[in-house]
Structures are given as structure tokens and as C-alpha cells.
Amino acid sequence: MASVFLHNNGSGPRHVTGYGVSPRFLRTLEPLGGDWDALVPPDAHEPIVINNVALHGPTEDICHWASSTGIATLALAPISAGGRALGALALYHRDPFDYGEEDRLVLHALAGLASAVVS
């Protein structure tokens with residue numbers, strides 16, 4: 001499953017599109033708001049991968065939410081253009097997934113494509 005979030009003028013990111021993500025799943029994301037900004041800060045340039053959300057990553061609420069919805073691994077790649085943070089690409093894995101260097105490069109490239117579309 002995948003989602004694209006864009007920054008929403010200080011009120012936390014908003015979901016703009018996704019693949020394999022149900023409306024019910026998305027409604028559970030809405031209350032987390034600014035936690036996504038804490039996980040993918042505006043100055044982030046590299047993908048952030050939490051290989052086992054059950055072990056609690058950098059943001060407790062995000063990891064609790066992910067674990068409670070059956071997500072094992074969460075990967076986020078910043079979307080930016082011209083040095084300005086626009087949002088993040090999120091990939092959700094129900095089974096544990098160990099992101100290697102090639103996987104991180106692909107994730108970074110996908111975020112680059114997303115930035116070309118939204119900027």
C-alpha cells in the first residue's frame with residue numbers, strides 16, 4: 001500500500017492519493033496530523049524506514065497506529081522541490097520488509113517522481 005501526503009499550511013499533512021489504501025484505513029490516519037511532520041521533518045532528504053513498528057520508532061503515535069492496523073514496516077520518503085519540503089511518500093508493508101540500499105534508492109527515486117508531479 002502507498003500514500004502521498006502534502007503539507008497543509010501548518011495543520012499537518014493531508015492525504016492526496018494512494019494505492020491499495022482503503023478509506024477506513026485513511027480515516028485512522030487523520031487524527032495523527034502533525035506526527036507525520038515529526039517523523040519526516042521539513043529538512044529531511046533521505047527516506048526514513050521503520051523496519052519493525054511494533055518495536056516503536058521515532059514517533060510513538062505513528063508506530064502504535066501502524067502496528068494496530070497490521071502494518072509491520074513503514075517507509076517514508078520526503079517529497080521536495082527547489083529545497084522546499086512538499087510532503088512525503090509513505091509505503092506500508094503488512095509483512096516485515098528489510099529495506100536494502102537498492103530499495104532505499106528506488107524509494108528516493110519514487111519520491112522524486114512524486115515531486116515532479118506535485119510541484
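This is a predicted model: local features need pLDDT of at least 70, side-chain atom pairs count only at pLDDT 80 or more; totals for chains, interfaces and linings use all residues.

Student: Why is Ser3 called buried?

Tutor: Buried means under 20% relative accessible area. Ser3 has 1%, so Ser3 is buried.

Student: What does Ser3 touch, not counting residues up to four places away in sequence?

Tutor: Its contacts include His15, Thr17, Gly18, Val21, Leu26 and Tyr92.

Student: And what makes the pairing of the Ser3 and Tyr92 side chains a polar contact?

Tutor: A pair of N or O atoms has to be within 3.5 Å, with one able to donate a hydrogen and the other to accept it. The side chains of Ser3 and Tyr92 make such a contact at 3.1 Å.

Student: Now the other serine. Where does Ser115 lie?

Tutor: Ser115 is part of helix 4, residues 101-118.

Student: Is Ser115 buried or exposed?

Tutor: The cut-off for buried is under 20%. Ser115 has 10% relative accessibility, so Ser115 counts as buried. Its side chain also reaches the backbone oxygen of Ser80 at 3.4 Å. Leaving out residues up to four places away in sequence, Ser115 touches Ile79 and Ser80.

Student: Which residues of helix 4 are buried?

Tutor: Leu107, Ala111, Ala114 and Ser115.

Student: How do you know that the buried residues of helix 4 line one face?

Tutor: Look down the axis of helix 4: the buried residues fall within an arc of 105°, so they line one face. Here's some background: an α-helix has 3.6 residues a turn, so residues three or four places apart point the same way. What covers the buried residues of helix 4 includes strand 4 and strand 5. The face turned away from the buried side carries exposed residues, including Glu101, Glu102 and Leu105.

Student: Which residues touch the most other members of the largest nonpolar core?

Tutor: Leu39, Val40, Leu74 and Tyr92, out of 20 residues in that core. Helix 3 gives the most to this core, with four residues. There's also a second, separate core of 14 residues, with Ala2, Val4, Tyr99 and Leu107 among them.

Notes: Residues are numbered from 1 along each chain as its sequence is written. Side-chain values use heavy atoms; hydrogens and water are left out. Helices (H or I, at least four residues) and strands (E, at least two) are DSSP runs, numbered from the N terminus. Buried means under 20% relative accessible area, exposed over 50%, partly exposed in between (1.4 Å probe, protein chains only). Contact means heavy atoms within 4.5 Å. A nonpolar core is a set of buried Ala, Val, Leu, Ile, Met, Phe, Trp, Tyr and Cys residues joined through side-chain atoms within 4.5 Å. The arc is that of the directions from the helix axis to the C-beta atoms.
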